[in-house]
Structure formats: structure tokens, C-alpha cells
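Reader: I'd like to learn how to read a protein model. Could you walk me through this one?

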Amino acid sequence: MPVKAVTDESIREAAALLRGGHLVAFPTETVYGIGANAFDERAVARIFEIKGRPSFNPVIVHVADAQAAEKLVEMDDRARAVAARFWPGPLTLILPRRDGCPVSGLCSAGLPTLAVRAPAHAVAQKLLKECGFPLAAPSANKSGTVSATTPAYVAQSFGDEIDMVLASGPCAIGLESTVLDLSGSKPAILRPGAVTAEDLAPVLGGIDIDAGNHEKPKSPGQLLRHYAPSIPLRLSAVDLIPGEALLAFGSEKFMGIRGGGAAKDLPDESRRNLSETGDLNEAAANLFRMLHELDRPDHKSIAVMNIPEQGLGIAINDRLRRAARRS
Ligand code: TXA
Ligand code: MG
């Protein structure tokens, strides 16, 4: 599958492929997505097939702006207010489908709702405008595995199963969008992301938000084991077991290896630091790439240092907890 640098020509080519029912991976500010024409049932079905995605897990439909979303879903005042404040950006809204909504039913996985998001990445915006139709786009990883924040990982995961990768370097945010359910009377965060409950509260006029963190996922995609490397993760580690790799956050100075030795003695391929200065934005942007880099059969497991449960740390810990589960 061709990996193409972004030019006006490659954008036109990508749009033509999508119009013809093919799949194209493209960058967003959160993670790379695998796009299909959301009106094309067969193209959307193909996404489920190549991701190995269970058919009960609905897919986000990407639009250029709120005006485009209005054609697909019932936007109420709350939806208009948060869209006006956070779109384009890393926020997905779950809303009732409009009567006669032309988006493939597969995107809703049998639910009466649809997830819509206007991404902020300039390439995603250009592609959406060139297409003129919405793009169904889940994260560009095999179902359950670590999400892709670089074009190389997309290409490695899918090879010829997709028809083009629009390559534009690493994603700035690195974690999937916040999923906010506005289909019921009480707004609920189904997946934490860069737009936090504190960011949303004032825009929702002080309405109580269900901030999620349930053991039982309300979003069908929040399967317990998700975002997972092939080797185990050990969270909130304060030292290392021999044979483990280290995913550090902040200073590694006090990380020792049980039985003797220090983290700094580990070989380069066994040690990553999400952010030496303890910056959560930097940590989010590095998370999936570093998990992927440490996911080697010669590591027994990955020891992850504690990450504070605040701001973006909530979303980072959400991904880490799911990645750490064995089932
Ligand atoms: O940042 C993102 O959101 C990325 C980029 C590519 O935009 N996309 C992404 O898509 O993460 P995906 O398919 O990997 O995750 C979509 C999440 C899943 O947890 C899914 O269950 C949930 O959104 N979702 C989608 N439609 C839904 C619906 N109608 N009701 C409840 N949850 C829904
Ligand atoms: Mg995903």
C-alpha cells in the first residue's frame, strides 16, 4: 500500500480512492484513523473486517464542521454549545441519528445513535473538504491493540489491507478523542481524552456530567482489554523485576531493579520515558509509540511508573488500565 506525503495531488488521489469505496488511513490530531466513505456500507464493512473489530462496536463518523454534523444527527443546544467551543478538536459527540440519516447503519452498530467528530488536523480537514462526504474512521490499529500515532505503525499493522496512507508525521495529542454521550438527559463521558470533564462543565452550563471510569463500559468499544501490547503491563511500579522493560514518567533516578541494579543500567531498547519533566501532554503524545517500542518478546513485561490521575493523566491511566488487563 502506498504511503504518500501530503500534497494537493495525494489528497485528491485519497479522496478519489475513498469515493470509489477504498480505505485510506489519514492523520488526525489524536491518532491516525482508517477512513471509509461513511455512506458506503461495503467500505465500512471492510473496516470492521481488516481491524478484526466486533460488529457491536460502533465507529466515529468524521465531518468538517458542526454544519455537516447537523445533517446526520439531532444536535440539541448542549451539542451546539460544545461543538462551538471544542470543534474542530479532540471531542466526539454521541447523538441520536436523524431520520433518514444516510450514514451506513454499521457505523451505529445497531444503536439509534451516531458518534460524530470534526477533527482539527489540517490534513483531515482538507481530505474531508475534498471528499464532500463524511468519513467513518476508527483508530488505525487492529482491534484491541495499541493505537497508531505514526504512519509507520499504520503501514506495519495493515500492509496491503488498506489502499493508501496519507503520512504526516506523529500525532500531536496521541490519545483518542474524548467521547461525550449527549443522547440522554445526563451528559456522560464514555472515554476520557484531551477535553476533560472540567473543560466541558462550564460550557454545559454547570450540568452534572457523568465522568465515566465505570468498570462496566457504556461505550461498546470500551472493551476491558484494549490498547494492549502483546506482553503484560505492570502499573504504578516503584521498582523493576529482572527482565522487565521500564516505561518511566518523570525522574527514573530512584527506580531500582530487584536483586540489584538501577534503571539506568537497562539497555536503550528496554527503557523509555514518557516525559522526563513530568509533562502530561508530552506523555500522552508518546504513550502509544513507546508502548509499541517496548513490546518485544525479550521483555517479560513492561513496568509503568505512576501517572497522576488529573487532567490528561485521567485519559492516559484509562488507556494503561485497559492495556494492563489480561481479559
Ligand atoms: O480520536 C479518535 O476518536 C480516533 C480518530 C481517528 O478520530 N478515532 C477513534 O475511533 O478512536 P475508535 O473507533 O477506535 O473509537 C471509537 C469509540 C469506541 O470506544 C466506540 O465504542 C465509541 O467511540 N462509539 C462510537 N459510536 C458510538 C455510539 N453510537 N455510542 C456509544 N459509543 C460509541
Ligand atoms: Mg480504537
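**Sheet and helices**

Author: An open sheet of 10 strands runs in the order β1-β8-β2-β3-β7-β4-β6-β5-β9-β10, with mixed pairing. Its edge strands, each pairing on one side only, are β1 (3-5) and β10 (188-191). This is a predicted model, where local features need pLDDT of at least 70, side-chain atom pairs count only at pLDDT 80 or more, and totals for chains, interfaces and linings use all residues. Residues are numbered from 1 along each chain as its sequence is written, chains are lettered from A and ligands numbered from 1 in the order in which they are written, and side-chain values use heavy atoms, leaving out hydrogens and water.

Reader: What counts as a strand, a helix or a pair?

Author: Helices (H or I, at least four residues) and strands (E, at least two) are DSSP runs, numbered from the N terminus. Two strands pair if DSSP finds at least two bridges between them. Here, β2 (residues 24-26) and β3 (residues 33-37) pair in the antiparallel sense over 3 bridges. A25 has I34 in β3 as its bridge partner.

Reader: Where does α8 bend, and by how much?

Author: A bend at a residue is the angle between axes fitted to the seven residues ending there and the seven starting there. For α8, that's about 45 degrees at L287.

Reader: Which residues of α8 are buried?

Author: Buried means under 20% relative accessible area (1.4 Å probe, protein chains only). In α8 (residues 280-294), they're L280, A283, A284, N286, L287, F288, M290, L291 and L294. What covers them includes β13 (245-248) and α9 (312-324), with contact meaning heavy atoms within 4.5 Å.

Key:
Expected span 1.5 Å × (residues − 1). Buried < 20%, exposed > 50% of the residue type's maximum accessible area, 1.4 Å probe, protein only.
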